[in-house]
Amino acid sequence: MEFETVIGLEVHVQLSTQSKMFCGASAAYGGEPNEYIDPVTLGLPGALPVANRRAVEFAIMLGLATSSEIRRFNRFSRKHYFYPDLPKGYQISQFDEPICERGSVEFYMGETKRMIGLKRIHMEEDAGKNIHDSRTQSSLVDLNRAGVPLLEIVSEPELRSPAEAAAYLRSIRQLVRYLGVSDGNMEEGSLRCDANISLRPVGQLKFGTRTEIKNLNSFKFVERALEYEVARQMALLKNGQPIVQETLLFDSASGVTRPMRSKEESSDYRYFPDPDLPPVVVEESWVREVESKLPKLPSKWINDLVSEYGLSLYDATVLTGEKAAVEFFNDVVSACSNPKAACNWVTSELFGALNRAGIELEKSPVSAGALGDLIKVVDSGELSGKMAKAVFEEMFSSGKGAAAVIADKGLKQISDDDSILAIIRREFDANEKQLAGYLAGNERLHGFFVGQVMKATEGAANPKKVNDLIRQEAAQRKG
Amino acid sequence: MSDLPSLSVAEIRAGLDSRKFSAVELAQACLAKADKLRSLNCFTELTPEHALKEAAAADALLAGGKSAPLLGVPLGIKDVICTKGVRTTAGSKMLANFIPPYDATVVRRLKTAGAISIGKLNMDEFAMGSSNENSAFGPARNPWNPEYVPGGSSGGSAAAVAARICPLSLGTDTGGSIRQPAAFCGIVGLKPTYGRVSRYGVIAYASSLDQVGGFAHNVRDCALVTQAICGEDPNDATSSPRPVPSFEKALSRGVKGLRIGIPKEYFVAGLSPEVSEATQKAISVLQDLGATTVEISLPHTDAAVSVYYILAPAEASSNLARYDGIRYGHRAEGQLDLKTLYSKSRSEGFGKEVQRRILVGTYVLSAGYFDAFYVKAQRVRSLILKDFTDAFSGSCDVIVAPTTPTPPFRIGEKASDPLQMYLNDIFTIPVNLAGLPGMVVPCGATASGLPIGLQLIGKHWDEESLFATAAAYEQATEWHKRTPSMAG
């Protein structure tokens, strides 16, 4: 029997607001333990939450970017459980009325466009961290992270392979980075992922029994954990054994999933509306205002790059990986009007050089305008491709513009016929024997003269012109 | 010199501004009187050092020619309100050693106004109770007769003002915790409209009902302290941005033409004849002053206590989850696993009534019971609100009613029967559920001399009409001049 894989992801995105979801304490990452705390973070008696408007705005942005319906009255609820990293004994979250519903996310798997439905996106606050100190046999609590705003993005179970799940997760990361609502950094935990996975016979509508893999903290682990789980479930099903619905953890060292220590009883979170927080009203005018400030999104960029600039889907995908890259590229095109050349220069020369130098695009020593200028000079025929690369290297190391480098080094291509002809004549006269052979029909000596001229101009002569003019001069001498 | 702590705020103002006495002398006199009346157990802690330092600062300002309504005026603060650097217990063993690192907004505002806090006032644990018998620090006593309760939960706040230890105090009112003790102690008390006063730094019992208010010897003093604490606070999302009117201005408005609603559901079997009679007499005084009266109906009054004892415990069970022994507060001793640490710390730290309400609240929020209890209670709550808004939109401007079904009761009399105790709040609870302002002024005494208080209920945001009515009534009567003999 053939089986189909059914995957749904729950992704937590930490928002890059200045302050926390419900208080003024810093939402920065890192810091000394318990540096970013205040009475609200600590859950001190009498402390009260006040919703962070910016965080709500970020939720609206992501909602709009995923074509979600945006809820007008947003109630916060309290989710209760006891744990040392949860200072109030409850987490403020949204329960049955999330801010965004019925959205979708678009991405490409190779040449195929995929669209995955979103059940919901809701706002909540993060918990702190418990750190076990084995030296003193004690547990320590760091509340820097407690109260940092999160969006939880829940997909429909529409992902059909581990690779697709990873691609979906990458597209979420790409989206939140485009929007500037999160840095999407998985190592620092600002992007976290739980995966639900089940198998069903191909053609069957009913879902199979699912397992949930918690806390997947890299794209690689998402894919590996799901691949392992597909194989595990498949083996069970083929042997006629049942799948147990359970929560699993992925052990990246051994590459297997293991059941999480089962909680003592199924938890009842006793959700109820938080009486400290009046509903946040998202007026239509607010939504429109946020919408007007949205950046151009990856899917729209890809469309335009392919249809308007004639780039391949592959190139378009590479260029749109980061918002800064595609915007840089677009600025290069604005300066040189040659998208294909711009794409090559950006993706190979510039990215390569940045990579080698360990510099981020935002700090590139070669600006988009400067790179555009360089491409223009090449396109005008004034500079050979090889010379252009040398010019680029110099631009990259010195930070100077294309014209300045060309002028400094005298690298400008010699293209005027008179100058080139003068050199050709000199070379012909200086190499009588070779000239006689060439005029007698020895084609190999054509190359000899090209080489001589290029050498004499230190490579600055336009090779095509040199070629043509040598033949022209030879024809005249044959006369 | 007369007994300084017995002075009204107006008399204190005149005395301080004319240098008849200093703020330090006044604070010392209040502290001395508190010490003398320690047997009333009004205070969980006196803070002479803080008080004298603040009083000296006030004297310096006074010497510089500054004056402000509360500058140099001593007061006490219910121990549920956080005071920076001063132990704040909420009347609980759980917080017996808790020293807040921050001031509640109301405390900050009083400090800005120049008021001098002389200490923290005794209360029912976490403001849960109607007699002050649920305090981990022992019951506060009624200055009119120490065998009687001062009411609760703000029992210490009411007793201290009634005993003329200080002219003003702050309390909180979730189901009647300002109004009932004001009535039992024969003083003035006001619970403002929900949202009028910031709750930031006020240890939460039931967030959708809690509101801070003031106690005073007379209506004008109450207006002054209320004025100082009202207004929007960016740290409390439920505080209202509405501008706060001058309450002092409203005092002289009178009641001519005022339409007073008398809710028939508040005059039923079970209402003590002495309370009923005092209330009726007060109503005729108001009529004589030019108010008209009309009988109104608040048909869902019956359900209020049940609704309250679902919603308040539900919120309390959540609000009190933070007392887990991890970051602050009582922690059970010994090397314990996490679950035992929680259950032992909470079992040891919370008193019986608090535990009862946490259990009730946990139950009504649990899966399978939530709709039948919490959701239904919220629906009935909106009907209770509608009762009031209907009455106010049609026939009346202010509602006048008894505060409690009975006069003060003896310590221990109802302690063993929580349901009897809960019913004591039957006339005050609906006001909290509706978020309305409610005020109490002294209006009589029992045969044995225990005070009786008249309750005034206003429209949302209309504290002014309450102050106007209370001031007119006070001017026409002598009840506010009666003081307990031990007040000296």
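# A tour of chains A and B

Start where the two chains meet. Chain B gives 34 residues to the contact, and chain A gives 24 residues. Now select helix H10 (304–319) and helix H12 (352–365) of chain B; these are the elements that give two or more residues to the side of chain B that touches chain A. H10(B) gives the most, with 3 residues. Colour that side of chain B by class: 20 residues are nonpolar, 8 are polar and 6 are charged.

Remember that this is a predicted model. The predictor gives the complex an ipTM of 0.96 and a pTM of 0.91. Chain B has an average pLDDT of 97, and 100% of its residues score at least 70.

**Chain B as a whole**

Select chain B and zoom out. Look for 16 helices and 11 strands. The C-alpha atoms fill a box of roughly 65 × 55 × 45 Å along the principal axes. Does the radius of gyration of chain B, 21 Å, agree or disagree with that of a compact globule? For 488 residues, such a globule would have a radius near 23 Å, so the value for chain B agrees. Buried residues make up 61% of the chain. Take the contacts in chain B between residues at least 6 apart in sequence: 77% of them join residues at least 24 apart.

**Two packed helices**

Next, select helix H9 (residues 273–288) and helix H16 (residues 463–476) of chain B. They pack at an angle of about 100°, with their axes 10 Å apart. An angle from 65 to 115 degrees counts as roughly perpendicular, so H9(B) and H16(B) are roughly perpendicular to each other. Show the side chains at the contact. H9(B) brings Ala282(B), Val285(B) and Leu286(B), while H16(B) brings Thr469(B), Tyr473(B) and Ala476(B). By class, that is 5 nonpolar residues, 1 polar and no charged.

**Backbone stops**

Go to Gly152(B) and Ser153(B). A cis peptide bond joins them, with omega about 5°. Ser153(B) is in the loop between strand E3 (116–121) and helix H5 (155–162) of chain B.

Move to Ala90(B). Its phi is positive, about 55°, although Ala90(B) is not a glycine. Find it in the loop between strand E2 (74–78) and helix H4 (105–113) of chain B. Is Ala90(B) buried or exposed? Ala90(B) is buried, because 33 other C-beta atoms lie within 10 Å.

Finish in chain A, at Arg102(A). This residue also is not a glycine, and its phi is positive, near 55°. Arg102(A) sits in strand E6 (residues 100–109) of chain A. Arg102(A) has 13 C-beta neighbours inside 10 Å, so it counts as partly exposed.

Notes: Residues are numbered from 1 along each chain as its sequence is written. Chains are lettered from A and ligands numbered from 1 in the order in which they are written. This is a predicted model: local features need pLDDT of at least 70, side-chain atom pairs count only at pLDDT 80 or more; totals for chains, interfaces and linings use all residues. Axes are lines fitted to C-alpha atoms, for helices over the stretch in contact, and angles run from 0 to 180 degrees between N-to-C directions. Helices (H or I, at least four residues) and strands (E, at least two) are DSSP runs, numbered from the N terminus. Angles under 35 degrees count as roughly parallel, over 145 as roughly antiparallel, 65 to 115 as roughly perpendicular and the rest as oblique. Two residues are in contact if their C-beta atoms, placed from the backbone, lie within 7 Å. Ala, Val, Leu, Ile, Met, Phe, Trp, Tyr, Cys and Pro count as nonpolar, Asp, Glu, Lys and Arg as charged, and the others, Gly among them, as polar. The radius of gyration is taken over C-alpha atoms; the globule rule is 2.2 Å times the number of residues to the power 0.38. A residue is buried if 20 or more other C-beta atoms lie within 10 Å of its own, exposed if 12 or fewer, and partly exposed in between; C-beta atoms are placed from the backbone. pLDDT is the predictor's confidence in each residue, from 0 to 100.
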